Amino acid sequence: MHPKDNTGSWRYADVPHADDAASWIAGRVPDDWFVDIPEVSADRDELIIIGNLEEPIHEPDATEADRAAAEEARISRFREATRDSRVQISQQIQHRYQRRASWGAACGSTRIVFTHQTIPVMSRLRQPERRVLDTLVDSGVARSRSDALAWCVRLVGEHADSWLAELRSAMSGVDELRRKGPEIT
């Protein structure tokens with residue numbers, strides 16, 4: 001992150017804002033795909049679009065396994081039926097937002113993301129931090145330093161959700177104030 005890039009943004013200068021991505025995508029996807037507006041999350045590399053599908057009708061005595069199987073099948077059917085259209089929309093997203101699009105669907109209590117972008121991230125770690133990663137690898141918690149670092153990031157994310165949300169909100173507020181400010185040439 002470069003807080004003093006040439007746009008004054010908290011993001012990389014060459015990545016356009018995705019503030020309107022959720023609205024644009026909601027307007028772009030066919031109305032019959034999802035039961036409500038799709039959930040869109042964005043970072044500087046990827047937009048993830050997850051839509052809620054209509055739940056299948058279950059027998060009154062259906063087990064949780066039966067329900068999960070039916071929900072997974074509904075998601076699978078959606079994935080297959082919409083593949084070509086999702087590819088076209090993804091290409092438009094790539095052009096408009098300069099990010100890759102990943103898709104998923106939720107049905108009942110089942111949530112599946114079809115594609116994930118794995119983005120290499122450069123980090124400089126001193127020996128104590130590398131030793132933490134190596135311990136996770138040596139103990140079998142992770143297969144590699146890369147997996148160990150991803151595991152650490154997920155763990156921090158799970159335990160610091162409210163703090164990270166507050167930080168993102170503060171950063172958005174700063175970006176908004178900068179956009180409203182005078183143009184400096």
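Mentor: Start with a network of salt bridges: Asp19, Glu176 and Arg179 are linked in one. A salt bridge here is a side-chain nitrogen of Lys or Arg within 4 Å of a carboxyl oxygen of Asp or Glu. The model is predicted, so local features need pLDDT of at least 70 and side-chain atom pairs count only at pLDDT 80 or more, while totals for chains, interfaces and linings use all residues. Residues are numbered from 1 along each chain as its sequence is written, and side-chain values use heavy atoms, with hydrogens and water left out.

Trainee: Where do Arg179 and Glu176 lie?

Mentor: Both are in helix H5 (residues 161-180), three residues apart, which is about one turn of the helix. Helices are DSSP runs of H or I with at least four residues, strands are runs of E with at least two, and both are numbered from the N terminus. The side chains of Arg179 and Glu176 meet at 3.3 Å, N to O.

Trainee: How many salt bridges does a search of the whole structure find?

Mentor: The search finds six. One of them joins Arg96 and Asp20, whose closest N and O atoms are 2.8 Å apart. Arg96 lies in helix H2 (residues 64-97) and Asp20 in the segment before helix H1 (21-28), so the pair ties together parts that are 76 residues apart in sequence. Arg96 is partly exposed at 37%, and Asp20 is partly exposed at 33%.

Trainee: Which residue meets Arg143 in a salt bridge?

Mentor: Asp147 does, with 2.9 Å from N to O. Arg143 is exposed, at 73% relative accessible area, whereas Asp147 is partly exposed at 26%.

Trainee: Which residues form the nonpolar patch on the surface?

Mentor: A patch takes residues with over 30% relative accessible area and no salt bridge, joining like charges within 9 Å and nonpolar side chains (Val, Leu, Ile, Met, Phe, Trp, Tyr) within 5 Å. Here Val141, Trp151 and Leu155 form the nonpolar patch, with about 240 Å² of accessible area together. Accessible areas come from the Shrake-Rupley method with a 1.4 Å probe, and for residues only the protein chains shown count as cover. Val141 sits in the loop between helix H3 (127-138) and helix H4 (145-159), and counts as partly exposed at 45% relative accessibility.

Definitions and conventions
Buried < 20%, exposed > 50% of the residue type's maximum accessible area, 1.4 Å probe, protein only.
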